[in-house]
Amino acid sequence: MLISEISINTLNREQITNLLYGKNIELDEGNISGDCIFVFGGTYVERTVKAVELFNNERAPYILFTGGNKYGQHSVSEAVMLRNKALELGVPEDRTIIETESNNTLENIICSLLILERKFGLHKIKRLLLVSSSGHMRRCILMCRTFMPPWIELIWCSDNRSVGQRDNWWKDPEWERRVMDESFKVVNGVKERYFIDAEVDI
């Protein structure tokens, strides 16, 4: 089914889960390497932990941390916060890259394009490993497919936080609210042409 054809109010829990979290065929199988690990902005240390795990498993030689100060909410940019945690966990500083101007998911991508071009050359990048929370990944993938060059393969590498996962998001009222909000963002984002439409198996 195309995302543009979905009516959120008619979906059951399983369908909402598949819409946001994907089915097994879409998820990282742990055996594909990339040119860079792309970490979406935020203050969640789980994203850094996942990125460092990928780096230590030699899945990619560099980690790009994205995120600014969230419209002035933070004294230190999200990218710097996440990168500093990676340094604490043993990642060499020269293997980290930061993008500190963006304030949301779309800006994470757009602002990072120049960083990636200057570091690697976009024409040379074959594959990026994308890291964010599980329920955020569908929107991340759709936005990347909209704004990044089409030859770049995107690997869905969700972080490993204990809550907000495909098997428990509805058990916590706050995460249930977040998931429903994210579902609307995905569907309405497609319908309002913020990012491309796509087939999803729900």
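A: By class, the lining of the largest pocket comprises nine nonpolar, twelve polar and eleven charged residues. Here Ala, Val, Leu, Ile, Met, Phe, Trp, Tyr, Cys and Pro count as nonpolar, Asp, Glu, Lys and Arg as charged, and the others, Gly among them, as polar. The model is a predicted one, in which local features need pLDDT of at least 70 and side-chain atom pairs count only at pLDDT 80 or more, while totals for chains, interfaces and linings use all residues. Residues are numbered from 1 along each chain as its sequence is written, and side-chain values use heavy atoms, with hydrogens and water left out.

The lining consists of 32 residues, and Thr105, His136, Arg139, Glu182 and Lys185 are those that lie nearest the centre of the pocket. Two or more lining residues come from each of α1 (13–21), α4 (105–119), α5 (137–147) and α6 (173–191). The greatest contribution is that of α6, with nine residues. Helices (H or I, at least four residues) and strands (E, at least two) are DSSP runs, numbered from the N terminus. The volume of the largest pocket is about 720 Å³. A pocket is an open set of points on a 1 Å grid over the protein atoms alone, where a 1.4 Å probe fits, with protein on both sides within 12 Å along at least five of seven lines; lining residues have an atom within 4 Å of a point. Grid points are joined across faces, edges and corners, and the volume is the space filled by probe spheres set on the points.

The buried residues of α5 are Met137, Arg138, Arg139, Cys140, Ile141, Leu142, Met143 and Cys144. Their cover includes α1, α4, β4, β5 and α6, where contact means heavy atoms within 4.5 Å.

Strands β4 and β5 belong to an open sheet of five strands in the order β3-β2-β1-β4-β5, with parallel pairing; two strands pair if DSSP finds at least two bridges between them. Because β3 (96–99) and β5 (153–158) stand at the edges, each with a single partner strand, one side of each has no neighbour in the sheet.

The loop between β3 and α4 holds Asn103. With 14% relative accessibility, Asn103 counts as buried. Leaving aside residues up to four places away in sequence, Asn103 touches Gly68, Asn69, Lys70 and Tyr71.

Notes: Buried means under 20% relative accessible area, exposed over 50%, partly exposed in between (1.4 Å probe, protein chains only).
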